[in-house]
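Okay, thanks for coming, everyone. Let me put the model up and walk you through a few spots in it.

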Amino acid sequence: MTRYVLHRVVGAAAVLLAAFTAAFAVLYLLPSDPVSIMLDQSSTGGYVDPAQVDALRARYGLDQGPLQQYLGALGRTLRGDLGTSVASGAPVAGLIAAALPETARLAALALGLAVAGGGALATAATWTRSTRLRGFLLALPPLGVAVPTFWVGLVLLQVLSFRYPLFPAVGNRGVASLVLPAVTLAIPLGATVAQVLAHGMGAAWRAPYVETALAKGATRTRVQLHHVTRNAVLPALTLLGVLVGNVLAGSVVVETVFSRQGFGRLVQSAVTTQDIPVVLGLVVVAAAVFVVVNLLVDLAYPLLDPRLTRGRAAA
């Protein structure tokens, strides 16, 4: 078990380092200069002193070579210092810390709706004996995955905010303002959950142990809950890390559509202004969340199926 945990932790650290290195390389190769963009946005069309540009570039370390910039940024990140925003001059860690709580609430509600809705859909599709109903239910997840997220958000705004003013259209105004963005995010996530669970449950219903349980007099409901669902959950658990990554990516679109302040809007603003320290910090935080969630999932596998660690020990 110890070797299994150590192997997963080392792998997680390697993924984080690779994500940081790749993000830094891409950002460094950008042809534009964030300091020039900042001065162009703040100036009124007057003359910009080259000495001022050089001073700002030196302040943010942009006058150094790529290797020096990389090692400096890596060292600061390992110490918990994500740098300073070129656009606003504020600490990057503070900007991210202010944005994350709103996105965390949105993500938690969206994931809850996705798991509940996707699980219910998969259960109904595999439990029913009606071929037509099963075919209809199984056709819904691909549709949910294919529909663009921004289109879903705009439709929900038009119907439930403008035509029928049931929920706020924009902003961060309490729980009510979370509903439409969360539903928008939950639809593609829930569709993915439903696809994976339905596949796993369908395979479980065809397994010999299900036939044995039914032959012993167990009801379909008991078999569904105690045998089929339990055996289908383990493969679906792998989805958790992917879903968290999808939530962070989808928050960029959703928070823009609904004019919410959060992680996604900060990403959009930093990319627009090419604020390299902020973008790099956002990549690091997003990668850390993704890696931690996947690490927890990996560590939970042996608890659900001890054969995994026994198999590694035997190998």
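So, start with Phe-150: at 46% relative accessible area it's partly exposed, where buried means under 20%, exposed over 50% and partly exposed in between, with a 1.4 Å probe and protein chains only. Before I go on, this is a predicted model, so to speak of local features we need pLDDT of at least 70, side-chain atom pairs count only at pLDDT 80 or more, and totals for chains, interfaces and linings use all residues. Numbering runs from 1 along each chain as its sequence is written, and side-chain values use heavy atoms, with hydrogens and water left out.

Phe-150 sits in helix H7; helices are DSSP runs of H or I, at least four residues, numbered from the N terminus.

The Ser-161 side chain reaches the backbone oxygen of Phe-167 at 3.0 Å. Leaving out residues up to four places away in sequence, Ser-161 touches Leu-156, Phe-167, Pro-168, Ala-169 and Leu-180, contact being heavy atoms within 4.5 Å.

Now over to helix H8, residues 176-205. Where does H8 bend? At Ala-186, by about 35 degrees, and Pro-188 follows within four residues. That bend is the angle between axes fitted to the seven residues ending there and the seven starting there. H8 is also mostly covered, with 22 of its 30 residues buried.

How values were computed:
Polar contact = N/O pair within 3.5 Å; in protein donor to acceptor, adjacent residues only side chain to side chain. Helix = DSSP H or I, 4+ residues; strand = E, 2+ residues; numbered from the N terminus.
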